[in-house]
Amino acid sequence: SNFPEVMEYSRLRNTPMNLVYDKTTGGIMANCLTGDSGVLKMLDIHILRGSPEKMIEAWPNLNISRRLQRELFPHLDPIGKIVTRTTDYAMPYEGKKKQYIVTGVMDDLPQNSHFFSDALLLDAPWPGENELNPMVQTVLPQYILVRPGTDMASFTNKVNGWYTHFPGKDNNPASASTTTLFFQPVTSIHLHPEIGNDPDTSESLRNVCIYIAIAVLIMSVAAINYINLSLAISFFKIRQLGVRTILG
């Protein structure tokens with residue numbers, strides 16, 4: 001409501017879950033991406049079956065990948081089925097177990113995607129999960145989709161102007177005077193991770209440069225060795241050729 005530049009938003013976190021449908025099996029361990037319903041409009045997720053945009057109230061809506069469907073429901077229609085999480089990991093309010101209703105089947109996400117997940121969980125945030133608390137921090141990474149042509153420098157200044165008067169910051173004046181909010185394009189996160197708790201496996205550009213330097217060094221040594229061996233063989237053949245010419 002304060003920033004018309006923002007078209008959609010969603011919190012996103014990656015959580016490993018052991019999902020069980022048939023209690024006779026031990027379940028399937030899967031990476032689950034948790035977010036708001038707006039994520040369907042932000043990311044290029046191909047829905048193959050079901051209607052995940054029509055969320056079923058009072059239930060966490062689970063959209064499973066095609067691979068997870070083959071493992072959890074090899075001969076069944078998964079839409080409308082209830083699956084149970086049995087892993088010990090959970091947010092504090094969730095307890096040890098939680099049930100989800102399957103509302104859609106999506107295409108497998110590509111391996112080189114910023115988000116790598118076997119399932120997409122759409123659920124309302126738990127209390128405080130989306131809020132900027134008085135300690136000047138957020139619990140989860142927040143993603144926004146801005147309108148085309150938005151000047152991010154101007155937008156950042158506008159957001160920080162709003163944040164200066166954010167309720168609750170007076171409880172922590174030391175941090176309030178030094179902390180600012182900033183934004184990073186998704187396309188630059190993989191090699192330049194600046195925000196913690198990203199749901200992907202980011203890599204440092206410095207490490208990539210080190211790997212490239214090592215590869216160039218190995219290739220250089222191999223090239224020098226090849227040239228040395230080629231010259232040695234050439235000198236041997238020239239010597240043979242000279243002897244044969246003299247004898248002839």
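**Labels and their grounds**

Analyst: Glu71 has a relative accessible area of 38% and is partly exposed. The model is a predicted one.

User: What makes the contact between Arg67 and Glu71 a salt bridge?

Analyst: A salt bridge needs a side-chain nitrogen of Lys or Arg within 4 Å of a carboxyl oxygen of Asp or Glu. For Arg67 and Glu71 the N to O distance is 2.6 Å, so the pair meets the rule. Both residues are in helix 2 (residues 66–72), four residues apart, which means a separation of about one helical turn.

User: Which other residue is linked with Arg67 and Glu71 in a network of salt bridges?

Analyst: Asp118 is part of that network. The side chains of Asp118 and Arg67 meet at 3.0 Å, N to O. This pair links distant parts of the chain, 51 residues apart: Asp118 is in the loop between strand 6 (98–106) and strand 7 (119–122), and Arg67 is in helix 2. Asp118 has 10% relative accessibility, which is under 20%, so Asp118 counts as buried.

User: How many salt bridges are there by this rule?

Analyst: The count comes to seven. One of them joins the side chains of Asp36 and Arg11 at 2.6 Å, N to O. Asp36 is in the loop between strand 2 and helix 1 (39–42), while Arg11 is in strand 1, 25 residues apart.

User: Are Asp36 and Arg11 buried or exposed?

Analyst: Asp36 is at 12% relative accessibility and Arg11 at 2%. Each value is under 20%, so both residues are buried.

User: What makes strand 1 and strand 5 a pair?

Analyst: Strand 1 is joined to strand 5 (residues 82–85) by two bridges, and at least two are needed, so these antiparallel strands pair. Arg85 in strand 5 is the bridge partner of Leu19.

User: Why is Ser65 called buried, and what does Ser65 touch?

Analyst: Ser65 has a relative accessible area of 1%, under the 20% limit, so the label is buried. Ser65 is found in strand 4 (residues 61–65). Leaving out residues up to four places away in sequence, Ser65 touches Val105, Met106, Asp108 and Asp118.

User: Why is Phe235 called exposed?

Analyst: Exposed means over 50%, and Phe235 has a relative accessible area of 51%, so the label applies. Phe235 is found in helix 5 (residues 205–247). Together with Tyr226, Ile227, Leu231 and Ile238, Phe235 makes a nonpolar surface patch of about 560 Å².

Conventions
Residues are numbered from 1 along each chain as its sequence is written. This is a predicted model: local features need pLDDT of at least 70, side-chain atom pairs count only at pLDDT 80 or more; totals for chains, interfaces and linings use all residues. Side-chain values use heavy atoms; hydrogens and water are left out. Patches are made of residues with over 30% relative accessible area and no salt bridge: like charges are joined within 9 Å, nonpolar side chains (Val, Leu, Ile, Met, Phe, Trp, Tyr) within 5 Å. Accessible areas come from the Shrake-Rupley method with a 1.4 Å probe; for residues, only the protein chains shown count as cover. Buried means under 20% relative accessible area, exposed over 50%, partly exposed in between (1.4 Å probe, protein chains only). Contact means heavy atoms within 4.5 Å.
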